[in-house]
Structure formats: structure tokens, C-alpha cells
Amino acid sequence: MRCVKIPGDGRAITPTDITTESGQPDKNQAAGLQSIFYGLCACGFSASGPGKGKWFEYMKRMIDLSQVSDGRLYSSGDMVRADCRDCRGCSDCCRGMGGSILLDPMDVWRFQTGLHRDFQSLLEKEAELGMADGMILPNLKMDAKSDACLFLDENGRCSVHEFRPGLCRLFPLGRYYEENGFRYFLQIHECRNKERGKVKIKKWLGIPDLKAYEAYILSWHDFLEQCREGAGSLDGEKRRILALYVLRTFFETPFRAGKEEEFYSEFSQRLEEAGRTLGF
Ligand code: SF4
Ligand code: SF4
């Protein structure tokens, strides 16, 4: 198993912080992460983009919606046929997802406050780092043997339902980003349950202050887009520094917030500071 040590002295993680379970340097894994660090892709298109996973977030330029959806775009107040009625023993969308279930800063904060799990402990078990849109971002890891999410319990149920990540809440919906916002769409090929009921998107997501959450999601998405665009003009070493800065600022450094509204405010402050630092 790969372990990543988050340095306590303020520096960002490096390949030498990657060890085996016994704490010995893991040369193979370190080399792997080094190639991640140095392989930052200027085009910004990620291994978790369309076609490689089932958890979709699309920008306008990426897809033909008619291929993957019912052709409609929805707002959070709309009813949509997404309710799989407790899934009835199916756990397909928690298996075989590769690295496509990306975590955003709020997901990590939820695990931190709800499960008392810090970022490093997640990386030691249920999550891993990967490349996504030119950034180094965490994603849920699939078990090496069963190819299932490590939060899936022995009964095929999500053991962290209350604190599940945003993309898990969304499924089988996706987000479709437009010029000044995003709307939702229904993925038609991904959930095998064809008897789904209609549900209001707001209820399906189960997020108390959905307006604030949507604003947060949009600002995080826009920030990553700006990083991706900015990275295109940087050399490899500077892109590496940018990616590590984002990882450190939004994931490695724990949020102090105890409540959801406090998280949004703290996130906004970090975003503003990051924008100033990066010249956005
Ligand atoms: S694929 Fe559909 S029915 Fe199966 S677990 Fe996922 S949402 Fe539920
Ligand atoms: S966190 Fe829960 S809902 Fe999400 S993939 Fe894992 S088991 Fe499934």
C-alpha cells in the first residue's frame, strides 16, 4: 500500500514522502508520483475525463449531450427521473470507477468533520492522488481486489452515506458547465435501474444550503479552469509548483470550519488569497 506523509514543516509533499506501509521509502511509487508531478498536461484534459469513468462533469466544449443524456438541462428546482429507490442491492456505481470520483475541498472537509478523518489518513486508505485537468487532485480509490470503493460495506451499502462526496450525491446526474454557471443533466446509460422515480434535484442532492453549495462548486470549477489555462503557458517545473500549491492550499491544509456555512466562508477566503497569489 502507498502511504503519503503530509510534512508538518510547511513544505509540500514530494515523492520522498511516499513510503511503504512500514515507513520505508517506496521507490517505485515515488517514481510513479514523480512522473505525475512532471507529467502535468498542458492541454488540461484528464485521465478522469469523458469515457474513463461514469461520474461526469462536463464543460460545454467537451461533449454532445444528446449522446449521454435525455437531451435536457435541469435546474435544482426541477423534477428529474433520478430516484433509484434505494438501489435495491445494486452497488454498480460504487464499483469499477477507476479514479473518476474526484474529491473537492468540501468532500475532504466533510470526511474531516463527520468521520474525524484527516486528508493524510484518507490517502492512506480510501483515497489517492491523481492527475485531473492538469492539477493533482484526490479521488476515491477502488479496492485492488474487489474493484469497489473502500467505503462500500459488506452489504453493498455506502458506509459513509451522510458524508458521501458531492459526485456520489449527484449520480446519476451530471453537471454541465456553461459560460456563467452550470445546470444538471441526467445520464441515461450509467444506472442500470430503469424504474427510477421522479425527484426534485434539490432533494436528491440532500445539501441544506444548495444555493451556497452551487456557488461554491462553480467557484471551485472556475478556479481550476483558470489554473488549467494559466498552466498552459508555464514550463514543466512551474506547472508542478502550481499543482502542488493548489493541493497544499485546498486539501493538505485542513479547514478549521465546524459548520457548512463556515466552510463556504473559509473556502472563499482561501480562494481570494490564491487568486491574489496566482495573479487571477
Ligand atoms: S447504478 Fe443506479 S441502482 Fe445501482 S447503486 Fe448506482 S444509483 Fe443505485
Ligand atoms: S463514497 Fe459511498 S456512494 Fe460514493 S462510491 Fe463510495 S460507497 Fe459509493
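## Chat about the ligand shells and helix packing

User: Hi! Which residues are around ligand 1?
Analyst: The residues around ligand 1 are Cys 84, Cys 87, Cys 90, Ser 91, Asp 92, Cys 93, Phe 171, Pro 172, Cys 191, Arg 192 and Asn 193. A residue counts as near a molecule if its C-beta atom, placed from the backbone, lies within 6 Å of it. This is a predicted model, where local features need pLDDT of at least 70 and side-chain atom pairs count only at pLDDT 80 or more, while totals for chains, interfaces and linings use all residues. Residues are numbered from 1 along each chain as its sequence is written, and chains are lettered from A and ligands numbered from 1 in the order in which they are written.

User: How does that shell divide by class?
Analyst: Around ligand 1 there are seven nonpolar, two polar and two charged residues. Ala, Val, Leu, Ile, Met, Phe, Trp, Tyr, Cys and Pro count as nonpolar, Asp, Glu, Lys and Arg as charged, and the others, Gly among them, as polar.

User: Is the Phe 171 to Pro 172 peptide bond cis or trans?
Analyst: That bond is cis, with omega near 5°. Pro 172 sits in the loop between helix 5 (166-170) and strand 7. Helices (H or I, at least four residues) and strands (E, at least two) are DSSP runs, numbered from the N terminus.

User: And what does strand 7 pair with?
Analyst: Strand 7 (residues 173-178) pairs with strand 8 (residues 181-186) in the antiparallel sense over six bridges; pairing takes at least two bridges found by DSSP. A hairpin of two residues joins these strands, and Tyr 177 is opposite Phe 182.

User: Nice. What about ligand 2, which classes are in its shell?
Analyst: The ligand 2 shell has 10 nonpolar residues, no polar and one charged. Among the residues around it are Cys 94, Phe 151, Arg 164 and Cys 168.

User: Switching to helices: at what angle do helix 7 and helix 9 cross?
Analyst: The axes of helix 7 (residues 210-231) and helix 9 (residues 260-278) cross at roughly 20° and come within 11 Å. Axes are lines fitted to C-alpha atoms, for helices over the stretch in contact, with angles from 0 to 180 degrees between N-to-C directions. That makes helix 7 roughly parallel to helix 9, a label for angles under 35 degrees.

Notes. Angles under 35 degrees count as roughly parallel, over 145 as roughly antiparallel, 65 to 115 as roughly perpendicular and the rest as oblique.
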